[in-house]
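I opened the model today and kept notes as I went. The entries below follow the order in which I looked things up.

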Amino acid sequence: MKVGVLALQGDVEEHEYAIRRAADELKINVDVVRVKKAEHLNGLNALVIPGGESTTIGSLARRNGLLDRLRGLTINGLPMLGTCAGAIFMAREVRDSVVGETGQPILGVMDIAVVRNAFGRQGDSFETDVTIEGVGTVRAVFIRAPAIVRVWGNARALASVRHPRLGSVIAAAQEDHMLATAFHPELTTTAVHKYLLELALGKH
């Protein structure tokens, strides 16, 4: 199996490590590829879009000729996991908690609406246990995290988190072969990456 990590900006190495550990636990062979150019997408069985800065990721993806190719592969069924900024990049609707509409480059492939920086800035980061449908309970790290505020169409919420200011907020969602998390699973668990690999194997 060949799994890509979009390596334009963000915590790429952490995802590479999580994928390899997940593959070991599933006892499958996985080749992890850093995706920086369109040709790096050839032959992928799954793709991870890491956390980082969503505007930068989108701008670099457009500059490197990746946007249309990524969008096409996703529409055609490539299993994909977007975490934090990656979830923003995949969403059809994006706005910022302060400035509102962002106009930033996005894939716009998943029927979710996301609010950037919904929980606050760096100092408002936190950890909590989150129970994800089909995955189990994981330790979730929210760092300048977005909130998934709405799902529609074929998308469904897989997990929620209770926040003292925002109330109940969607923390993870799935639409067919696409997964999005508001948190950083690569920092604490292999469970979400195992779920992605299993999606690629046709087990979900």
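These entries go from the whole chain to single residues.

**Entry 1: the whole chain**

I note at the outset that this is a predicted model. I counted secondary structure: the chain holds five helices and 13 strands. Next I checked the overall dimensions. The C-alpha atoms fill a box of roughly 45 × 35 × 30 Å along the principal axes. Is the chain compact or extended for its 204 residues? A compact globule of that length would have a radius of gyration near 17 Å, and the chain has 15 Å, so the value agrees with a compact globule.

I then looked at burial. Of the 204 residues, 54% count as buried. The accessible surface comes to about 8800 Å², and carbon and sulfur atoms hold 44% of that. I also looked up contact range. Among contacts between residues at least 6 apart in sequence, 65% join residues at least 24 apart.

**Entry 2: the cores**

I went to the largest nonpolar core, which has 36 residues. Which members touch the most others? I found Phe-119, Val-130, Ile-132, Phe-142, Leu-179 and Phe-183. Helix α5 gives the most, with five residues. There is a second, separate core of 33 residues. Among its members I noted Leu-44, Met-90, Leu-107 and Ala-180.

**Entry 3: strand β13**

Are the faces of β13 (residues 178-181) covered or open? Both are covered. Met-178 and Ala-180 lie on one side, Leu-179 and Thr-181 on the other, and all four are buried.

I then traced the strand's partners. Strand β4 (residues 80-83) runs parallel to β13, and four bridges join them. In this pair, Thr-83 stands opposite Thr-181 of β13. Strand β12 pairs with β13 in the antiparallel sense, also over four bridges. Here Glu-175 has Met-178 of β13 as its bridge partner. β12 and β13 form a hairpin with two residues between the strands. Asp-176 in this hairpin takes a positive phi near 55°.

**Entry 4: Thr-74**

Met-178 came up again when I looked at Thr-74. Thr-74 sits in helix α3. Thr-74 has 1% relative accessibility, so it counts as buried. Leaving aside neighbours within four places in sequence, I found Thr-74 in contact with Met-80, Val-109, His-177 and Met-178.

**Entry 5: helix α2**

I listed the buried residues of α2 (residues 54-63): Ser-54, Ile-57, Gly-58 and Ala-61. Why do these residues line one face of the helix? Seen down the axis of α2, they fall within an arc of 95°, so they line one face. They pack against β1, α3 (67-75), α4 (85-90) and β7 (110-116).

**Entry 6: Ile-49**

Ile-49 is in strand β3. Its relative accessibility is 0%, so Ile-49 counts as buried. Which residues touch Ile-49, beyond those up to four places away in sequence? My list reads Leu-6, Met-80, Leu-81, Gly-82, Thr-83, Gly-86, Phe-89, Met-90 and Leu-107.

**Entry 7: positive phi in loops**

Most residues other than glycine have a negative phi. Asn-117 has a positive phi of about 55°. Asn-117 is in the loop between β7 and β8. Is Asn-117 buried or exposed? At 10% relative accessibility, Asn-117 counts as buried.

Arg-144 has a positive phi as well, near 45°. Arg-144 is in the loop between β9 and β10 (147-151). With a relative accessible area of 34%, Arg-144 is partly exposed.

Technical notes
Residues are numbered from 1 along each chain as its sequence is written. This is a predicted model: local features need pLDDT of at least 70, side-chain atom pairs count only at pLDDT 80 or more; totals for chains, interfaces and linings use all residues. Side-chain values use heavy atoms; hydrogens and water are left out. A nonpolar core is a set of buried Ala, Val, Leu, Ile, Met, Phe, Trp, Tyr and Cys residues joined through side-chain atoms within 4.5 Å. Buried means under 20% relative accessible area, exposed over 50%, partly exposed in between (1.4 Å probe, protein chains only). Two strands pair if DSSP finds at least two bridges between them. The radius of gyration is taken over C-alpha atoms; the globule rule is 2.2 Å times the number of residues to the power 0.38. Contact means heavy atoms within 4.5 Å. Accessible areas come from the Shrake-Rupley method with a 1.4 Å probe; for residues, only the protein chains shown count as cover. The arc is that of the directions from the helix axis to the C-beta atoms.
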